[in-house]
Amino acid sequence: MNFADASSTRAVRLFEAFASVGAPQSLSEISDLLNTPLSTCHGLVRALQNGGYLYSNAASRRHYPTRRLLQIAETIAGNDPVVTYFDPHMADLRDLTAETVILGALQKDSVVYLSVAESPSTIRYSARPGDIKPLYSSALGKLMLGEASPRQRAALIAGLSLEAITENTLTDADTLRDDLEEARGRGLYVTCGENVSEVMAIAAPARIAGETYGVAVAGPIARMQGKRDEIEQALLAACARIGGDFR
């Protein structure tokens, strides 16, 4: 079931809506934001108020989240063993390349961003933890395909729609297989405007505790191409240091 259509995700979508709007909302505004009946939203808001996650202003009849969710989120994030292990390495790589560094993992038929260390540059590639990207058009997605076993790779490619996201997206299965084979040999997976126009990304695998993760460096194509060799060397060196087990 699609995340946006599932009734079980309404509370999460409500908090995402508050983050997007950035202001207290009335019940009718919440109903519009979630595209959900007013009566359903009333029950949702009341339940979250009872749990201490929302508070209401009696005069304006508007609602806003308390900081309880923030405290819970900080505790969860602080205890994530994978992200906690990768974060200092990613920060070092970000500082060395001056580009955005992303950690990704395979989730069913896509790749999910687990952590993002954004470039300090004003013009940069921006991403968020939790972003979901296709396997065939993103550097981290290609990595997950290329590093999978031949049987798993074949099954994953067979299930892909290979729809064009940009004019540079690889939409032919044989072309994608050739691209993956070459990348696997180099240990580096590259996209150039295939998922986001004008963005280049280079990814390399890091194996921790028997699991394959991907680390990618991403930024504007012109800037990335101008220092591609340096980025590739820095990325491979970082993943070599990361590889192994949790320490």
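Predicted model: local features only at pLDDT ≥ 70, side-chain atom pairs only at ≥ 80, totals over all residues.
**Exercise 1.** Work out which strands pair with β3, and in which sense.

*Solution.* Start with β2 (residues 54-57): β2 and β3 run antiparallel and share four bridges. Within that pairing, Asn57 sits opposite Arg62. Next, look at the hairpin that β2 and β3 make: four residues lie between the strands, and Arg61 has a positive phi near 60°. Now turn to β1 (residues 25-26), which also pairs with β3 in the antiparallel sense, this time over two bridges. There, Ser26 has Arg62 as its bridge partner.

**Exercise 2.** Sort the side chains of β3 (residues 62-65) by face, and say which are buried.

*Solution.* In β3, His63 and Pro65 point to one face, and both are buried.

**Exercise 3.** Find where Lys227 sits and what its side chain pairs with.

*Solution.* Then skip its neighbours within four places in sequence, and the contacts of Lys227 are Thr97, Ala98 and Glu99. Finally, check the side chains: those of Lys227 and Glu99 are joined by a polar contact of 3.0 Å.

Key
Residues numbered from 1 in each chain as written. Heavy atoms only, no water. Polar contact = N/O pair within 3.5 Å; in protein donor to acceptor, adjacent residues only side chain to side chain. Contact = heavy atoms within 4.5 Å. Buried < 20%, exposed > 50% of the residue type's maximum accessible area, 1.4 Å probe, protein only. Pairing = 2+ DSSP bridges.
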